[in-house]
Amino acid sequence: MPYEQVASTRRRTSYRLHVLSWRLAFLAGALAALTQMLRANHVIGHLASVVVVVPLVAVFGGSLFLLLVTGAIQAAHFSVDPLGRGALQRQVRFSRMLLVDLVTLPWSPNARRE
């Protein structure tokens, strides 16, 4: 397998992990906030909120760490193979691409976009 194919596969994998970690961070944060709202309105008890929130905080922290790692990989890739001419233009294009992919990229790495 040529070097370019290996590098391309690694970039795709790190980008997919980046998108997945953003999704997990949003989901864990939203569920933790929902649990705390339910606790504040006395819908669930203290023990139930602790049982739900502690794993969600762990998932949130893990996904933020994964975001840092995959973000560094993506930054290194784009410094070698930039999307645009200037640093600001590269960041804007990457941000737009990331926002679109947060919604449209399939959860499964083998799935195809429709």
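Accessible areas here come from the Shrake-Rupley method with a 1.4 Å probe; for residues, only the protein chains shown count as cover. With that in hand, show the surface of the whole protein. The protein exposes about 8,100 Å². Carbon and sulfur atoms supply 68% of that area.

**Before you click**

This is a predicted model: local features need pLDDT of at least 70, side-chain atom pairs count only at pLDDT 80 or more, and totals for chains, interfaces and linings use all residues. Residues are numbered from 1 along each chain as its sequence is written, and side-chain values use heavy atoms, with hydrogens and water left out.

**Stop 1: the whole fold**

Switch to cartoon. The protein has 3 helices and 0 strands. Helices (H or I, at least four residues) and strands (E, at least two) are DSSP runs, numbered from the N terminus. Along the sequence, the pattern reads α-α-α.

Color by pLDDT, the predictor's confidence in each residue, from 0 to 100. The protein averages 78, and 75% of the residues score at least 70. Select helix H2 (residues 46-80): confidence is highest there, at a mean of 83. Then select H3, where confidence is lowest, at a mean of 75. Where pLDDT is low, the predicted coordinates should not be read in detail.

**Stop 2: the core**

How many of the 114 residues are buried, as a percentage? Buried residues make up 24%. Buried means under 20% relative accessible area, exposed over 50%, partly exposed in between (1.4 Å probe, protein chains only).

Select Tyr 15, Val 19, Phe 94, Leu 98, Leu 102 and Leu 105. These 6 residues form the largest nonpolar core. Such a core is a set of buried Ala, Val, Leu, Ile, Met, Phe, Trp, Tyr and Cys residues joined through side-chain atoms within 4.5 Å. H1 and helix H3 (87-104) each give two or more residues to this core. The largest share, 3 residues, comes from H3. In soluble globular proteins, nonpolar side chains tend to be buried together.

Zoom in on Tyr 15, in helix H1. Is Tyr 15 buried or exposed? Tyr 15 counts as buried because its relative accessibility is 11%. Not counting residues up to four places away in sequence, Tyr 15 touches Gln 74, Phe 94, Met 97, Leu 98 and Asp 101. Draw a line from Tyr 15 to Gln 74. They are 59 residues apart along the chain, yet their C-alpha atoms are separated by 7.0 Å.

**Stop 3: the nonpolar patch**

Select Leu 24, Leu 27, Leu 31, Leu 34, Met 37, Leu 38, Val 43, Val 59 and Trp 107. Together they make a nonpolar surface patch of about 810 Å². Like charges are joined within 9 Å, and nonpolar side chains (Val, Leu, Ile, Met, Phe, Trp, Tyr) within 5 Å.

Helix H1 (residues 3-40) gives the largest share of the patch, 6 residues. Pick Leu 31, in H1. Leu 31 counts as partly exposed, at 35% relative accessibility.

Select Ala 30, also in helix H1. Ala 30 is partly exposed, at 46%.

**Stop 4: a loop**

Finish at His 42, in the loop between H1 and H2. His 42 is not a glycine, yet has a positive phi of about 60 degrees. His 42 is exposed, with a relative accessible area of 68%.

Conventions
Patches are made of residues with over 30% relative accessible area and no salt bridge: like charges are joined within 9 Å, nonpolar side chains (Val, Leu, Ile, Met, Phe, Trp, Tyr) within 5 Å. A salt bridge is a side-chain nitrogen of Lys or Arg within 4 Å of a carboxyl oxygen of Asp or Glu. Contact means heavy atoms within 4.5 Å.
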